[in-house]
Amino acid sequence: EKGYETGEHAPGLKLGGCGAYKAAHHIIKTHAKVWHSYNNTWRREQRGMVGISLTSGWGEPVDPHSQTDRDAAERYIQFHLGWFANPIYRGDYPEVMKNYVGRKSAQQGLGTSRLPTFSVQEKTYIKGTSDFLGIGHFTTRYVLQKNFPFLQVSSYHTDHDLAELVDPNWPAPGPKWLYSVPWGFRRLLNFIKTQYGNPLIYVTENGVSETMQCPQLCDEWRIQYLKGYINEILKALNDGVNVKGYTAWSLLDKFEWNKGFSERFGLYHIDFKNKNKPRYPKASVDYYKKIISANGFPNPREVMS
C-alpha cells in the first residue's frame, strides 16, 4: 500500500485504489513460481523449505458483543494477513475482500473489480505453496465499522469500511503506530491455526523501537515488550499452535524505511554519527541472552550458576 498506493515508500507510486492490489497479485504469483521451481528442481537434493513471511497486526472488535464490530475485525485481518495467506493456503483471495472491493468498484462505475482475479489454473498452482508461514507482528488495534462514502477517491484504506482505535493505556514507547499489546499476538496465532490448517510458523519479526535516545541504554520497555510477547507465544504453543521458532526484531539499530536512522529497533545501539559506527549493548541484550540460553524464561538461579 505504501509503495504503490500512497507513495510513502519506494518505489513511490501513487496508483490510487488499484496499485497495491496489482503489486500484491504479482507477489503472490511470483512466490508460487519460486516455490514450484524449488520443489521441482532442488528439494529432493537439498531437502530445504520455502515459505513466505507476512506481517500483520491483530484486529479486536471494540464491542465483542456487536456483530458489526466482529465483522469489521474479521475484515481487518482478512485485508491484512488473509490478502496474501488465503490464496496460498486456501486458493483465492478472502471472500470478504472480493465482495467489498467488487462492490465499491461497481459503485464507481468500473466494469471489473479493482481486485485482480486468479484463473482456475492459477488458483491450483498457488494453493499449498508454503512449507512454513513466517509471521511479522508488532501491535494490535481495536476495530469498528465505519462506512466511507463511495464518492471518495477509492483506496485500499477505505475499501474495508472500518476504523482503528487504540487504548490510551497501552504502552507506546516508540512510534505512534506501535503500541505494546501482547495478548493480540496469541489471538493472531490462533487465528492462523484455525484458518490455515495449523501451518508450521516461524516468527520472523517481533520487536519495538524507540524514537528517543534511551539514557544509559536502559530500554526497560523493550524488555517488558519482549517478555510479554514471548509469553503469549508460549500460551499459543500450549493452545496447540505450531510455532517452531522466534526472531526478535532487530539485532542492531538500522535504516528504517522512510524514518531513516531516527527509529531504533535494535538490541544494540549504533552511534551513526561516528564514522566507525560503534555498537553498544542496550539492557535488553542481557535479558534476551538469558532467554536464548534457557530457550525460554529462565529460572534466575540457573542463570546465575
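Trainee: With which residue does Lys290 form a salt bridge, and how far apart are the closest N and O atoms?

Mentor: Keeping in mind that this is a predicted model, Lys290 forms its salt bridge with Asp286, and the closest N and O atoms are 3.5 Å apart. Both residues belong to helix α9, which covers residues 283-294, and they are four residues apart, or about one turn of the helix. Lys290 counts as partly exposed at 30% relative accessibility, and Asp286 is likewise partly exposed, with a relative accessible area of 44%.

Elsewhere, salt bridges that share partners join Glu210, Asp219, Arg222, Asp253, Arg264 and Lys282 into one network. Within it, the side chains of Arg222 and Glu210 meet at 2.4 Å, N to O. That pair links distant parts of the chain, since Arg222 sits in helix α8 (residues 220-238) while Glu210 lies in the loop between β6 (201-205) and α8, twelve residues apart. Arg222 and Glu210 are both buried.

A further pair to examine is Arg43 and Asp131, whose salt bridge has its closest N and O atoms 2.9 Å apart. Here too distant parts of the chain are linked, with Arg43 in helix α2 (residues 43-46) and Asp131 in the loop between α5 (120-126) and β3 (133-136), 88 residues apart. Asp131 is partly exposed, having a relative accessible area of 23%.

Technical notes. Residues numbered from 1 in each chain as written. Predicted model: local features only at pLDDT ≥ 70, side-chain atom pairs only at ≥ 80, totals over all residues. Heavy atoms only, no water. Salt bridge = Lys/Arg side-chain N within 4 Å of Asp/Glu carboxyl O. Helix = DSSP H or I, 4+ residues; strand = E, 2+ residues; numbered from the N terminus. Buried < 20%, exposed > 50% of the residue type's maximum accessible area, 1.4 Å probe, protein only.
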